[in-house]
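Trainee: Could you show me how to read the features of a protein model? I would like to go through them one by one.

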Amino acid sequence: MRNKYFLLFFVMISVSLFSSGDVYAKRRGGMTDTTPSQFSFIDQVDVALSTPVNANNLVITGINATTPISVSGGQYAVNGGSFTASPGTVNNNDAVQVRQTSSASYATASHATLTIGGVSDTFTVTTLAEDTTSVIDSTPDAFNFLDQVDVAVNTDVISNIITVTGINTAAVISVSGGLYAVNDSVFTSDIGAVNEG
């Protein structure tokens with residue numbers, strides 16, 4: 001009879017120990033983690049001026065509880081929702097996208113920094129360089145006429161031909177004391193216009 005009681009007591013102790021171990025393991029496994037895995041943005045360059053630009057999508061992982069999210073210099077959206085600049089929260093496996101508006105100046109970087117649970121990364125957008133060829137230039141390069149001497153009196157004299165260069169739009173042409181012709185057209189003294197070449 002004593003042997004039976006001893007066996008029963010041993011079994012009760014063993015069950016109690018294993019039960020305590022299970023509770024301990026469950027408590028350890030349930031520790032709150034609001035620090036996500038590191039995320040990163042792909043910066044963009046040669047972006048048009050004053051244009052909304054969306055960053056690459058992020059999937060937030062490594063957390064097991066609701067975690068704070070905030071942004072500076074832009075907006076964010078969670079799971080395809082509306083973009084906002086106000087602080088909010090995210091959960092594990094949520095999809096997050098950041099948006100910012102590019103600079104109004106050429107070759108200028110702007111930054112939007114997203115922070116989730118203390119982890120941050122910055123989305124940088126750089127505008128394109130100014131295209132100087134698109135600047136209107138109606139001032140031609142200098143040109144020269146070759147003077148002529150020993151010319152007969154009362155004789156029409158035609159100068160050397162010049163080629164207009166250095167402009168990318170029509171330029172005003174006028175003459176005083178004579179006439180001019182453009183591309184073998186009729187000679188005239190009226191104000192007109194010429195183009196490159």
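Trainee: How do the residues of the lining of the largest pocket divide into nonpolar, polar and charged?

Mentor: Keep in mind that this is a predicted model. As a general idea, rolling a probe the size of a water molecule over the atoms shows where empty space is left. Here the lining of the largest pocket consists of 20 nonpolar, eleven polar and three charged residues. The space in this pocket comes to about 1,200 Å³. Its lining has 34 residues, and the closest to the centre are Phe 145, Ser 159, Ile 162, Tyr 180 and Ala 181.

Trainee: Which strand gives the largest share of that lining?

Mentor: That is β10, residues 171-173, with three residues.

Trainee: Next, the core. Which residues have the most contacts inside the largest nonpolar core?

Mentor: The general idea is that in soluble globular proteins, nonpolar side chains tend to be buried together. In this model the largest nonpolar core has 20 residues, and Val 98 and Leu 114 have the most contacts inside it. Two or more residues of this core come from each of β4 (67-72), β7 (95-101), β8 (109-116) and β9 (119-127). Leaving aside residues up to four places away in sequence, Val 98 touches Leu 114 and others, among them Phe 41, Val 53, Phe 83, Ala 112 and Phe 123. Asn 54 and Gln 75 are also touched by Val 98.

Trainee: And is Met 31 buried or exposed?

Mentor: Met 31 counts as exposed because its relative accessible area is 56%, and the cut-off for exposed is over 50%. Met 31 sits in the loop between α1 (2-29) and β1 (44-47). Its C-alpha atom is 8.5 Å from that of Asn 64, although the two are 33 residues apart along the chain.

Key. Residues are numbered from 1 along each chain as its sequence is written. This is a predicted model: local features need pLDDT of at least 70, side-chain atom pairs count only at pLDDT 80 or more; totals for chains, interfaces and linings use all residues. Side-chain values use heavy atoms; hydrogens and water are left out. A nonpolar core is a set of buried Ala, Val, Leu, Ile, Met, Phe, Trp, Tyr and Cys residues joined through side-chain atoms within 4.5 Å. Buried means under 20% relative accessible area, exposed over 50%, partly exposed in between (1.4 Å probe, protein chains only). Helices (H or I, at least four residues) and strands (E, at least two) are DSSP runs, numbered from the N terminus. Contact means heavy atoms within 4.5 Å. On a 1 Å grid over the protein atoms alone, a cavity is a set of points where a 1.4 Å probe fits but cannot get out, and a pocket is an open set with protein on both sides within 12 Å along at least five of seven lines; lining residues have an atom within 4 Å of a point. Grid points are joined across faces, edges and corners, and a volume is the space filled by probe spheres set on the points. Ala, Val, Leu, Ile, Met, Phe, Trp, Tyr, Cys and Pro count as nonpolar, Asp, Glu, Lys and Arg as charged, and the others, Gly among them, as polar.
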